[in-house]
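The following exercises are to be worked through with the sequence and the coordinates at hand. Each task is followed by a stepwise solution.

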Amino acid sequence: MPAELMNALYFESFGGPDVLRYGPVPAPELLPGTVLLRVKSIGLNYADIYRRHGNYHLAGQPPYILGYEAAGEILAVAADVPDLRVGQRIACADVPHTTAEVMRVPAEHVIPLPDDISCDQAAALLLQGLTAQYLTTDSYPVQAGTVVLVHAAAGGVGQLLIQFIKARGGQVIGLTSSAAKREQALAAGADAVLLYQDDWEEAVRAYRAEGVDVVYESVGSTLAQSLAVTRVRGTVVFFGMAGGDPAPVDPRQLMDHSLSLTGGDLWNYLTSRAERNQRATALFDLVRHGQLRATITATFPLREGAAAHALLESRRSTGKILLHP
């Protein structure tokens, strides 16, 4: 294969997993202020599904290369980047075009990997772990005794949210869609796990009559129910809509119960290299102390990326799916 080409997982039109293709595309050029990364491990996220369907804006023209989370080794370093070196292990959590053999990473977005964090750990942990981190420290600072409701508790973010909340002394009620996923959420540390098909609003009230202190809402279509089970002066943090768009909220409901409804997006927190590295360092420290781990439930060769997408979109997976070039 010519040096200017590389293999990548890409698509040229929006649709289901069948629109994904694997094959040669132009390799990225080394530009000032960047490094080229030989990708070793890629984290698959539901945002990749949204982008493939056309729900999220994509810059440029097809072929579109998916992915925002990866880890590997530096292949080349621009002359104006003095503090990084060829062969160094790094990761990124907010750089596009990770589903490829080689990607370009702005030096500002580089997260150096310590020796005790593997590429698979980084790719499984960074994007969703940094999300769980800002949700529990910035959007609503969980403290000892905080009672929390976590939607999609067996998913990648859900399991990490549970671990962050427990590390900060909170209590977790999880919500999942099956008995098997309930066991996954309990294994992650949840105090109780409810099923969506049951009357979970009543069950939350039975657990705590006045309602929970905070709900981490990632389903979207359940927003009204989340508000209904939140205590007076409590908070709902809306950070995803995997189950569909939420219905409009009547602000009088917020006023009548002194509720807070806030939104969250990781990109608003990863605003500098110092911020990325400080947050990643805190994440890795929790891993070292046994308080945080990402559950990798499946790995696929990059050429089988369509099958990985189908598994994630089926809702049958729990934890993290990785791709290997």
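**Exercise 1.** How many positive and how many negative side chains does the protein chain have, and how far apart do the centres of the two sets lie?

*Solution.* The model is a predicted one. Step one is the count: the protein chain carries 26 positive and 33 negative side chains. Step two is the placement: the centres of these two sets lie 2 Å apart.

**Exercise 2.** Describe the overall build of the protein chain.

*Solution.* Begin with the secondary structure, which comes to nine helices and 16 strands. The radius of gyration is 20 Å, close to the 20 Å that the globule rule gives for 325 residues, so the chain is as compact as a globular protein of that length. Along the principal axes, the C-alpha trace spans about 65 × 40 × 35 Å. Next, consider burial: 51% of the 325 residues count as buried, a class that requires under 20% relative accessible area. Finally, of the contacts between residues at least 6 apart in sequence, 66% join residues at least 24 apart.

**Exercise 3.** In what order do the three strands of the open sheet lie, and which are the edge strands?

*Solution.* The order is β2-β1-β4, with antiparallel pairing. Strands β2 (21-26) and β4 (64-65) are the edges, as each pairs on one side only. Strand β1 (residues 5-11) is joined to β2 by six bridges, and the two run antiparallel.

Note on methods: Residues numbered from 1 in each chain as written. Predicted model: local features only at pLDDT ≥ 70, side-chain atom pairs only at ≥ 80, totals over all residues. Heavy atoms only, no water. Helix = DSSP H or I, 4+ residues; strand = E, 2+ residues; numbered from the N terminus. Rg over C-alpha atoms; globule rule 2.2 N^0.38 Å. Buried < 20%, exposed > 50% of the residue type's maximum accessible area, 1.4 Å probe, protein only. Contact = heavy atoms within 4.5 Å. Lys, Arg positive; Asp, Glu negative; His and termini not counted. Charge placed at Lys NZ, Arg CZ, Asp CG, Glu CD. Pairing = 2+ DSSP bridges.
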